[in-house]
Amino acid sequence: MDRITAPRRRRPAGTRTTRKPSGQGREAWSRSIRRVGKVRREVVIMAKGWVFYALLVVFIVLVCPSEAFYLPGSYMHTYRQGEEIWAKVNSLTSIETELPFSYYSLPYCRPKDGIKKSAENLGELLMGDQIDNSPYRFRINVNESLYLCTTNPLDEGDVKLLKQRSRDLYQVNMILDNLPVRRFTEQNGVTIQWTGYPIGYTPEGTSDFYIINHLKFKVLVHKYEGSKVKVVGTGEGMEVISEADSDTKSGFEIVGFEVVPCSVKRDPEAMSKLTMYDKVDSVNCPLELEKSQLIREKEKISFTYEVEFVNSDIRWPSRWDAYLKMEGAKIHWFSIMNSLMVILFLAGIVFVIFLRTVRRDLTRYEELDKESQAQMNEELSGWKLVVGDVFREPTSSKLLCVMIGDGVQILGMAIVTILFAAFGFISPASRGMLLTGMIVLYMLLGIVAGYAAVRLWRTVKGTSEGWRSVSWSTACFFPGIVFIVLTVLNFMLWARNSTGALPISLFFGLLSLWFCVSVPLTLLGGFFGTRAEPIEFPVRTNQIPREIPTKKYSWLFIFGAGTLPFGTLFIELFFILSSIWLGRFYYVFGFLLVVLLLLVVVCAEVSVVLTYMHLCSEDWRWWWKAFFASGTVALYVFLYSINYLVFDLRSLSGPVSAMLYIGYSFIVSLAIMLATGTVGFLTSFSFVHYLFSSVKID
């Protein structure tokens with residue numbers, strides 16, 4: 001397309017040039033008309049593509065099921081008749097304080113062979129899990145009622161600690177064959193399922209505390225017949241079956257683990273004559289408080305339990321269904337449909353923007369035969385006037401490159417993690433694997449972060465000078481902020497002797513992973529970025545910046561734009577917060593994957609619309625505004641987290657618990673800002689580059 005020379009001086013007002021174009025000029029203008037028509041067709045095709053992709057998302061969501069299968073990380077175990085199996089205990093947890101404590105921090109019975117910690121992965125340690133062995137012994141298909149131990153007389157410290165833990169609603173989390181124990185309660189005629197059982201309770205109308213010292217376990221077993229096939233995959237969710245060897249064994253699979261906790265007052269003198277695992281009489285959970293065990297000084301507490309094995313039709317692959325049963329499916333679908341409506345609305349706006357822009361250009365060129373070139377030049381307005389400044393280097397360009405690099409890294413980690421979880425490769429049976437996988441992916445994607453940051457730096461600066469500083473900053477910006485916040489929170493947890501506090505060894509281990517894996521990979525990615533070709537700008541940048549007209553409420557529109565991406569996210573955000581802070585399982589990763597894809601599309605569309613609006617108002621400083629147009633969704637996520645703390649976690653007690661909640665919410669919100677801001681910026685950059693490369697004006 002022929003370039004159109006911008007006017008260098010204005011003619012006096014009220015004058016008009018009547019010189020008609022020459023034949024050669026008329027021929028050039030005809031070629032311009034034909035080329036603009038071609039550009040128009042290309043842009044129309046591009047705009048239709050936006051609508052096509054939006055409709056494709058609608059089709060996928062409505063036609064394809066979003067249920068996920070899962071491949072838990074434990075192999076199927078079969079047990080012989082009478083074979084012994086031991087329960088394990090995890091950290092004591094509470095929805096009141098969110099501070100986990102060790103099970104043996106309370107005066108509970110200890111195993112004969114001493115306390116032995118189970119091997120824990122990185123995710124379990126970061127979540128505060130501490131899995132220990134316990135004295136609770138089970139013998140397959142043997143129903144029995146057994147005695148464990150009688151404590152020494154409780155002193156003042158024990159009584160105070162037991163009452164405090166009971167007041168804060170701490171739960172004992174027990175595990176058998178990798179299954180958490182469940183209990184059921186009735187509230188207003190509705191049966192509610194819980195994992196774990198309380199340490200103690202306070203009946204209504206009294207200030208006394210009673211301890212749970214008798215447990216009635218029900219173990220569901222399924223008889224597995226050794227057949228001609230066997231499971232050779234990773235087990236529960238989806239089985240890979242092949243011909244069995246001749247040594248396939250039959251046995252019993254544990255497919256359920258339930259408990260009814262009781263408080264039973266026993267004669268401590270009679271109980272102290274027994275030894276561990278002696279048989280005692282089975283009891284029904286007493287309703288009378290006189291028969292329950294009080295928590296008070298100089299009181300000896302006897303711990304007993306009974307086990308009942310029940311045959312079940314539940315198979316091994318389905319034993320986690322009771323824990324992962326999804327509720328509120330209609331709400332998830334409503335959230336997705338709401339997001340689709342927003343996407344279609346924004347896609348329509350983008351479509352109109354492209355058509356309006358190209359139609360105006362075509363109309364102006366068609367009128368060249370009637371008006372003079374000078375008249376045409378005077379009519380130039382809007383985004384075409386900032387052609388010499390639109391690619392001018394933004395303020396704090398290094399920080400922008402660093403944040404884009406970290407955003408690419410976080411976004412890639414989120415997409416890959418949720419994709420694996422949606423297809424069932426990350427299971428709740430593998431405790432901590434989700435967090436471990438996220439950390440490993442984040443470190444490996446450091447090479448992508450370094451490449452993206454340095455290549456953008458080369459594009460903005462036109463040179464590779466300073467790429468090492470950009471790479472180092474990219475490797476340290478987000479992890480450094482997270483490290484500072486976690487260090488402060490860790491000191492709070494250390495002061496409370498919580499198992500959620502990271503050990504010193506793990507602390508230095510994480511630092512070693514950061515500087516020995518993540519930083520070198522980021523530097524390597526930055527080196528590759530210096531070897532990549534920088535993105536060439538389609539127009540030259542003027543030496544003198546163009547004056548920007550005064551616009552009020554510009555940033556108000558930017559912050560308001562974050563409400564649209566937040567509208568696609570907030571319903572799913574409620575379920576995620578409930579799973580994290582209320583101890584519920586979250587495993588609807590199929591829905592989460594769809595919501596993530598919709599969020600990316602909405603962020604891209606919002607940023608393009610806002611960028612076009614600023615260019616039309618002759619504001620060429622679009623770089624940071626494109627980033628925050630979609631990145632401000634993080635502000636609403638953080639505010640919603642505070643709202644959830646105030647209105648849904650009203651029982652959360654203590655300043656330490658509130659600081660933990662706010663600290664973790666800040667880290668998540670920062671990660672969301674970097675990821676969504678990167679989506680908006682990269683989309684706007686592509687839009688601006690395509691727009692000014694299609695219609696070239698000097």
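Which residues make the nonpolar surface patch of about 390 Å²?

**Figure 1. Overview of the predicted chain.** The model is predicted: local features need pLDDT of at least 70 and side-chain atom pairs count only at pLDDT 80 or more, while totals for chains, interfaces and linings use all residues. Residues are numbered from 1 along each chain as its sequence is written, and side-chain values use heavy atoms, with hydrogens and water left out. The chain holds 18 helices and 16 strands, taken as DSSP runs numbered from the N terminus (helices H or I, at least four residues; strands E, at least two). Of its 698 residues, 50% count as buried, that is, under 20% relative accessible area with a 1.4 Å probe and protein chains only; exposed is over 50%, and partly exposed lies in between. Among contacts (heavy atoms within 4.5 Å) between residues at least 6 apart in sequence, 85% join residues at least 24 apart. The accessible surface comes to about 34100 Å², of which 60% belongs to carbon and sulfur atoms; areas come from the Shrake-Rupley method with a 1.4 Å probe, and for residues only the protein chains shown count as cover.

**Figure 2. The nonpolar surface patch.** L419, F420, F423 and F425 make this patch. Patch residues have over 30% relative accessible area and no salt bridge, with nonpolar side chains (Val, Leu, Ile, Met, Phe, Trp, Tyr) joined within 5 Å and like charges within 9 Å. A salt bridge places a side-chain nitrogen of Lys or Arg within 4 Å of a carboxyl oxygen of Asp or Glu. F420 is found in helix α8 (residues 397-422) and counts as partly exposed because its relative accessibility is 44%.

**Figure 3. The open sheet β2-β1-β5-β6.** Four strands form this open sheet in the order given, with antiparallel pairing. β2 (132-139) and β6 (179-180) stand at the edges with a single partner strand each, so one side of each lacks a neighbour in the sheet. Strands pair if DSSP finds at least two bridges between them. Two bridges join β1 (residues 84-89) to β5 (residues 174-176), and K88 stands opposite I175 in β5.

**Figure 4. Strand β12 and its partners.** Eight of the eleven residues of β12 (residues 214-224) are buried. Eleven bridges pair β12 with β15 (residues 251-262) in the antiparallel sense, where K223 stands opposite F252. β12 runs parallel to β16 (residues 302-311), joined by eight bridges; V219 has F309 as its bridge partner in β16.

**Figure 5. Helix α16.** Because eight of the nine residues of α16 (residues 623-631) are buried, the helix is largely enclosed by the rest of the structure. Among the buried residues are W623, W624 and F627.
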